[in-house]
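Here is a short tour of one protein chain, taken piece by piece. Keep the picture open while you read, and try to find each spot as it comes up.

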Amino acid sequence: MSDLVFDESSANREASHGYAWWFSGDTFKKAAAEERTRRKRSFIHHLTSHPGRLTIIYFLLLVALSTSLLLLPVSSHEEEPTSFSTAFFTAVSALSTCGISIVNATTHWTAFGQVVLLVSVQMGGLGVMTFASLIALAANHHMKATQRLLTANELGTTKLNEIRGVLTVVITTTFIIESVTFLALFPGLYGINRGNVRHTAREALFFAVMSYNNAGFTPDGAGLHVNNWAVGMPIMASAFCGTLGFPVLLNLMRCARHRTPPRRWSLHTKITLVTTFSLVLLSLAWFLLVEWDNPFLFKGADVETRLRYGVVAAVMPRSSGFDLSWVPQVSEPTKVFMSVIMFIGGGSTSTAGGIRVTTFAVILLICRAAFTGHTDINAFRRRIPTRVAMTAVSITAACLFLVLSASLALMLASDCSLTDALFDACSSFGLGGYSVGVAREDNPAALFILATAMVVGRLGPMTIAYAINRPHALESIRYPNEPIVVG
């Protein structure tokens with residue numbers, strides 16, 4: 001690759017012919033030379049020069065802090081202190097926005113403990129990369145090129161000078177959606193709680209944060225009130241928005257403001273929406289066809305109730321994890337199907353996990369091109385760059401190996417069936433929040449395996465890859481004007 005430097009001047013922008021990355025000079029060569037030069041560097045420099053490592057360190061520090069707080073006697077109702085494995089697993093589950101709970105959140109955790117879970121989920125849901133970037137901004141007053149590259153990829157923007165504005169919009173959008181969800185939930189919960197305003201406000205806040213961040217923790221033993229659409233619909237709508245990802249939400253807001261027709265939406269938005277709705281419809285059809293006569297789920301239920309449960313089952317398993325009561329009662333084929341759906345996960349840079357729907361879509365497009373004898377990979381009359389296709393294949397292969405390895409390890413650690421092990425492994429990696437009983441308080445080995453899968457699912461394989469590579473390894477990354485964010 002030739003000598004490169006970022007030039008964001010208006011003159012060079014016009015000469016770039018539609019491309020948002022502008023290169024000239026030898027910035028990366030100088031950066032590589034500086035890395036080879038032995039000179040004393042500050043601790044902050046080492047962190048900000050390795051953005052992937054900064055993100056991982058930030059996440060691990062949050063895990064340590066949350067675990068310590070949950071170990072405090074004030075966090076639990078139990079006379080005996082919470083075990084380290086339980087506190088650690090719960091902290092990772094909250095920060096990764098997975099939501100698998102191995103203890104009853106109502107009887108075990110006090111109000112203080114639930115506040116710790118709430119804040120942990122919010123910090124994880126806003127995005128590890130978002131907060132890591134804010135730390136870098138505060139430390140250096142500006143972001144280094146490598147940090148800005150990774151942040152741009154994480155947030156789905158293509159212009160370096162947009163990143164600060166995008167970070168602000170991301171945080172603002174998060175709180176706006178959660179506030180709207182809170183207001184939408186309040187009337188329904190107010191009726192359920194028979195006029196108890198304080199309890200209703202606490203539940204509405206808890207559900208608002210948990211639903212948008214796709215974490216399955218609940219403030220009481222009732223869980224998701226699926227039979228009450230006044231509560232169920234706002235939660236499902238908020239959870240669905242959370243799975244789309246910040247790039248899609250930002251693009252939709254911009255297009256709505258400028259009244260841009262759907263045909264001019266970004267390629268990433270089109271692929272995400274089409275794939276997401278296709279998976280939801282496929283899940284709905286699966287549950288209605290395969291589980292229609294399941295006596296454990298629909299015993300004595302009418303058609304309306306079956307359809308309502310089918311919609312919940314189609315939206316929630318991808319990442320949300322609410323209403324766990326029905327999961328162990330599904331058939332073995334449905335467990336495998338749900339495992340695949342959770343492995344795919346939600347949109348890129350969203351609160352969901354998995355390989356992401358854009359990665360899955362690119363894999364399908366690669367298969368279509370191979371089967372039809374085409375050399376180019378196209379979607380909506382646009383060509384998918386070869387590097388994006390390579391990244392999608394690499395991510396899928398690596399994550400598939402991780403899930404299979406975790407499943408085998410769970411079978412050895414808990415003596416469970418392959419179906420149950422695969423289900424819990426995919427749920428942890430995809431941050432689905434469901435469990436069929438493999439995650440138990442009395443099995444620390446299984447908890448550690450599942451926690452590892454959650455960490456990878458939350459950070460994403462691309463962040464871990466950037467943490468391993470040297471900073472100037474990013475010089476090989478190029479983005480077109482409309483990138484497709486995978487991983």
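## Charged pairs

A salt bridge, as the word is used here, is a side-chain nitrogen of Lys or Arg within 4 Å of a carboxyl oxygen of Asp or Glu. Side chains of opposite charge can pair when their charged atoms come close. Bear in mind that you're looking at a predicted model. A search through the whole of it turns up four salt bridges.

Let's start with Lys335. Its salt bridge with Asp420 has the closest N and O atoms 3.3 Å apart. Lys335 belongs to helix α16 and Asp420 to helix α19, so this pair ties together parts that are 85 residues apart in sequence. Are these two partners buried or exposed? Lys335 counts as buried, at 7% relative accessibility, and Asp420 counts as buried too, at 17%.

## One lysine, two partners

Lys335 also meets Glu332 in a salt bridge, again with 3.3 Å from N to O. An α-helix has 3.6 residues a turn, so residues three or four places apart point the same way. Glu332 is partly exposed, with a relative accessible area of 40%.

Now look at Asp376 and Arg383, whose side chains form a salt bridge at 3.5 Å, N to O. Asp376 is partly exposed at 37% relative accessibility, and Arg383 is partly exposed as well, at 47%. Back at the lysine, salt bridges with shared partners join Glu332, Lys335 and Asp420 into one network.

## Rings that pair up

How many aromatic pairs are there? The count comes to six. In one of them, the ring centres of Phe182 and Phe186 are 6.0 Å apart and the planes sit at 50 degrees, so the pair is tilted. Both residues are in helix α9 (residues 163-192), four residues apart, or about one turn of the helix. Phe182 is partly exposed at 22% relative accessible area, and so is Phe186, at 23%.

Trp286 and Phe337 make a stacked pair, with 4.6 Å from centre to centre and 5 degrees between the planes. Trp286 is in helix α13 and Phe337 in helix α16, so the pair ties together parts that are 51 residues apart in sequence. Trp286 is partly exposed, with a relative accessible area of 25%, whereas Phe337 counts as buried at 13%. As for Phe182 and Phe186, ring pairs link them with Tyr190 into a cluster.

## A look at helix α15

Helix α15 (residues 303-315) lets you check a bit of helix geometry. Its 13 residues, at 1.5 Å a residue, should span 18 Å, and the end C-alpha atoms are 19 Å apart, which agrees.

Several α15 residues are buried, among them Thr305, Arg306, Gly310 and Val315. What covers the buried residues of α15 includes α11 (229-244), α13 (267-290) and α14 (295-298). Arg306 also lies over the face of Trp292, at 5.0 Å from the ring centre.

## A glycine in a loop

Last stop: Gly437, in the loop between α19 (418-429) and α20 (444-459). Gly437 is partly exposed, with a relative accessible area of 34%. The C-alpha atoms of Gly437 and Ser414 are separated by 9.9 Å, with the two residues 23 apart along the chain.

Definitions and conventions. Residues are numbered from 1 along each chain as its sequence is written. This is a predicted model: local features need pLDDT of at least 70, side-chain atom pairs count only at pLDDT 80 or more; totals for chains, interfaces and linings use all residues. Side-chain values use heavy atoms; hydrogens and water are left out. Helices (H or I, at least four residues) and strands (E, at least two) are DSSP runs, numbered from the N terminus. Buried means under 20% relative accessible area, exposed over 50%, partly exposed in between (1.4 Å probe, protein chains only). The expected span of a helix is 1.5 Å times one less than its number of residues. Contact means heavy atoms within 4.5 Å. Rings of Phe, Tyr and Trp (its six-membered ring) pair if their centres lie within 6.5 Å; planes under 30 degrees apart count as stacked, over 60 as edge-to-face and the rest as tilted. A charge sits over a ring if NZ of Lys or CZ of Arg is within 6 Å of the ring centre and within 35 degrees of the ring normal.
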